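These are my notebook entries on one protein structure. I record what I looked up, in the order in which I looked.

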Amino acid sequence: MNRQRFYLALIGLALCFSCSGPQRPQLDFELIAEWGNEDLFGDPFSVQATTENVYVSDSYRGEILVFDPAGKLRSSIGKAMLVTPAGISVSREGHLYVADPNQDKVFEFSPQGSVLRVWPQDDSNSKGLDGPVAVAPGPNGETVFVLEFSGHRVKAFYREGHLKRSWGGRGKEEGRFYSAGDLRVFTNGEIFVSDTHNYRIQVFSVDGKFLRSWGSRKEFDDPAGIDFDKDGYVFIADSGNHRVQVWDRQGKFLTSYAHPSWQSEQVSSRSDQGEHEGSHTSSKGEQVSSPLDLSFDARGTLYVLDVARKKIQKFALR
C-alpha cells in the first residue's frame, strides 16, 4: 500500500510540472560572425534573414542590400525606386516587402528584385499612408499589414493594394500607439506590435481586435525590432536598454541578453534630407541605441542589427 501511495505521489508531481506551462528557456547567445562598417552601410534600419539571404535596409543609400549568410554582399534591390527604406519583411514565397516612410509607400519586390506592387493603390478607400515604418504579410499571404510611425495606426491591405481595415490612433489606451516601431505576424494570425514610445508590446487578432499587452517603462526602453524563434518565443530588441529580451506570447518574461558592444554612441547623419520620422539614426548628432532590429532564419540563427556600430551580428543560440 505504501508503495502504491509513493507511485501515486510521483504521478501527481509529474502532472503538476506538466501543467505549469512552458519552462524558462536556458539560452546561450554565441556570436559567431559579424560584418559591416561605415563604408558598407549609411543608415541601416532593418534586417531580415532567410535560409539563403540576409536583407538589410539602408535608409541613407535608398536600397536593400542582400548578403549571403556569411556576410558576402550579393546584390542590392530598389536603388532606383526607394528613398528611405525602413522596415522590411520576406514572405514564404520569397517576396520582399519594404516600407518607405518618406514616400508614404510600401513596395513588394520579386526574389530577383523586380518591383511587383506598390501600396497604397490610388483609390478613395486607401486615404494614403502616414510614415509607414514596418510591414509584414499575413499567414495566408492575402493580407499585408503596415505600421504607420507618424499616423500611429496599423493598416491591413489586400495583396492587390486596396485598404481592408485599419485601427489604432495616437494614445496610451489599449489598441492605440505612440510612434510604434515594428510589427510581426505569428503563424496563428496574431499581430504583435512593438509600441515603442508607450514602452510595451501589444497583440491583436488578424481582424484588429485587441487581445493583450505587456510592458512598461520598467521593462522596456524604446522596444524596436521583434521576431519569433522556432519555438514561438518572442524576441524583442530593447534598444534603449541595450539588450534583447525574450518573452512567451502571453507576456511572461523568460530571459534577456546584452552583448558588450551594444551601447549608445554619437553619430552624424549622412542624410541630406534631414531627419525623417521612423529612423533612429537620421538626426545629426543624435544618440542611437543598439540593438535596433533582429531576425531569425529558418535554421534558428539570430541576426541582430548593431546600428550604433553599423554591423550585422550573427548569433547561434544554444
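**Entry 1: strand β15 and its partners**

I began with the hairpin of β14 and β15, which has five residues between the strands; there G189 takes a positive phi near 95°. I noted that the model is predicted, that local features need pLDDT of at least 70 and side-chain atom pairs pLDDT 80 or more, while totals for chains, interfaces and linings use all residues. Residues are numbered from 1 along each chain as its sequence is written, and side-chain values use heavy atoms, with hydrogens and water left out.

For the names, I noted that helices (H or I, at least four residues) and strands (E, at least two) are DSSP runs, numbered from the N terminus. Two strands pair if DSSP finds at least two bridges between them.

I found that β14 and β15 run antiparallel and are joined by four bridges. Which residue of β15 does R184 face? R184 stands opposite F192.

On its other pairing, β15 is joined to β16 (residues 200-204) by five bridges, again in the antiparallel sense. Here I191 stands opposite F204. These two strands form a hairpin with four residues between them, and Y199 in the turn has a positive phi of about 60°.

Buried means under 20% relative accessible area, exposed over 50%, and partly exposed in between (1.4 Å probe, protein chains only).

**Entry 2: an open sheet**

I traced four strands that form an open sheet in the order β1-β26-β25-β24, with antiparallel pairing. Its edge strands are β1 (29-35) and β24 (293-296), each of which pairs on one side only. I looked up how β1 is held to β26 (residues 311-317): six bridges join these antiparallel strands.

**Entry 3: residue S290**

I located S290 in the loop between β23 (287-288) and β24. Why does S290 count as buried? S290 counts as buried because its relative accessibility is 0%.

I next checked its polar contacts, meaning pairs of N or O atoms within 3.5 Å; within protein, one must be able to donate a hydrogen and the other to accept it, and residues adjacent in sequence count only if both atoms are side-chain atoms. The side chain of S290 makes such a contact with the side chain of D306 at 2.7 Å. The S290 side chain also reaches the backbone nitrogen of V307 at 2.9 Å.

Contact means heavy atoms within 4.5 Å. Leaving aside neighbours within four places in sequence, S290 is in contact with several residues, including H242, R243, W262 and L305.

**Entry 4: the whole protein**

The secondary structure comes to one helix and 26 strands. Buried residues make up 57% of the 318 residues. Of the contacts with a separation of 6 or more, 44% are between residues 24 or more positions apart.
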